[in-house]
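Colleague: I am new to reading models of this kind, and I would like to learn how to do it slowly. Could you show me the structure and take me through a few of its features?

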Amino acid sequence: MGHDVDPTVQRRRLRVELRRARDAKHLTQKQAAGELGWSPAKIIRIETGQVGISGTDLKALLELYGVTDPQQVATFTEMARQSRKQHWSIYRDVLNQDFLIYLGFEGSASTLRQSESLILPGLLQTEEYARAVIQAFSTPDTSPQLTDRQLEVRMKRQEILHRDDPPVLFFILDEAVIRRAVGSSTTGSKIMQRQLRHLNDIGGRENVHLRVVRFGHGVHMGLKGPFVILEFPDPGDDDLLFLENGPHSVATRDDMGEISLYKKQFLELEDFALSESETAELIEQVRAQM
C-alpha cells in the first residue's frame, strides 16, 4: 500500500522541477513573469516554496515552459495537489514551529539516525511511557485535553513504523535512557518493564537498529544533546538535521557543514556502542532487574 508524500517534501520537489522547466526554456524569473503578466515576486515565491500554487497558475506555467506530455502534466499536477495538503499543522497549538517543520519531513524520510541520552525517542515509546513523560514535562495548569493532544501526536508519528515501506531507523541511546524509570514511584517500574519489552520487540525488526552506549564508556559527544538526521530517497532532497532543545529546537537543511558534523558524530557513537544483540541482552537484563 502506498502513502502520500509529505506536503513539505512535495512542495520542494515541485519548486525544483518548475525551476528546471524554466531553465530548459532559457527564461529568467523576470522574463517568465512578464510573459504571464505576473510580478517577478510571484515566480520567486513559487520557486522558493513560500507559497503553494493553484491549478490555474500551474497550468499557465507548464504551457509557458512547453510541458505538454500528459504524463508529465499529471506528475506536476499531483505534486501540486500534495503540496497544498495540511497535515501536522493541525497540531500547531501544541507543537513549536521547528518541530512542525521536522514532522513535515519525518514521514517521507528513507533513513533516520537519532541519538538520545535522557529519554526514549518518541517513535519508540509506548503510550503509557509517553503519557508519563508528557505529564512530567507539563506545568501544573496543563489541561488533560492538552496532554491528550500531545500524546495523540506522538502516537500518530509511530504510524510510519507500520507502513509497508517503513524507513530504516538507527538509534543510539545512552545507558541512562533504558535505566531511567518514568511515572510515579508506584507505577514507574511496571511502565518501564513494559516499555523495555516493547523496545526489544521493535529492535527485532529488520529496519530498526538499536544500540546502547554503556556508562563505562564515560563522557561522549552524544551527551551534548539529542539530535536526529533524516535522509530521503530522492537524491535531490538534502538531509535534514533536527536539534531538540525544548522550545528552542532547530530544524535545518541549509547548513551542510553542520549536518555533516553531526552525521560524523553519529558514526563515532556507533564505533563504541554495544552491538544490536548485546543491546537486546542488556535491555532484557535491565527489565528483569525492575
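Modeller: Let us begin with exposure, where buried means under 20% relative accessible area, exposed means over 50%, and partly exposed lies in between, using a 1.4 Å probe and protein chains only. This is a predicted model, in which local features need pLDDT of at least 70 and side-chain atom pairs count only at pLDDT 80 or more, while totals for chains, interfaces and linings use all residues. Residues are numbered from 1 along each chain as its sequence is written, and side-chain values use heavy atoms, with hydrogens and water left out.

Colleague: Why is Asp201 classed as exposed?

Modeller: Asp201 is exposed because its relative accessible area is 53%. Asp201 sits in helix α10, residues 188-203, where helices (H or I, at least four residues) and strands (E, at least two) are DSSP runs numbered from the N terminus. Between Asp201 and Ala280 there are 79 residues in sequence, yet 9.4 Å in space from C-alpha to C-alpha.

Colleague: Is His220 buried or exposed?

Modeller: His220 is buried, since its relative accessible area is 9%, and its place is the loop between β3 (208-213) and β4 (227-231). Contact means heavy atoms within 4.5 Å, and, leaving aside neighbours within four places in sequence, His220 is in contact with Asp174, Val213, Leu269 and Phe272.

Colleague: How should I read a polar contact, and which backbone atom lies 3.1 Å from a polar atom of the His220 side chain?

Modeller: A polar contact is a pair of N or O atoms within 3.5 Å; within protein, one must be able to donate a hydrogen and the other to accept it, and residues adjacent in sequence count only if both atoms are side-chain atoms. For the side chain of His220, the atom at 3.1 Å is the backbone nitrogen of Gly222. In the loop between α7 (127-137) and α8 (144-157) we find Ser138, whose side chain has a polar atom 2.6 Å from the backbone oxygen of Ile134. Ser138 is partly exposed, with a relative accessible area of 24%.

Colleague: Which residues does Ser138 contact, leaving aside its neighbours within four places in sequence?

Modeller: With those neighbours set aside, Ser138 is in contact with Thr147 and Gln150.
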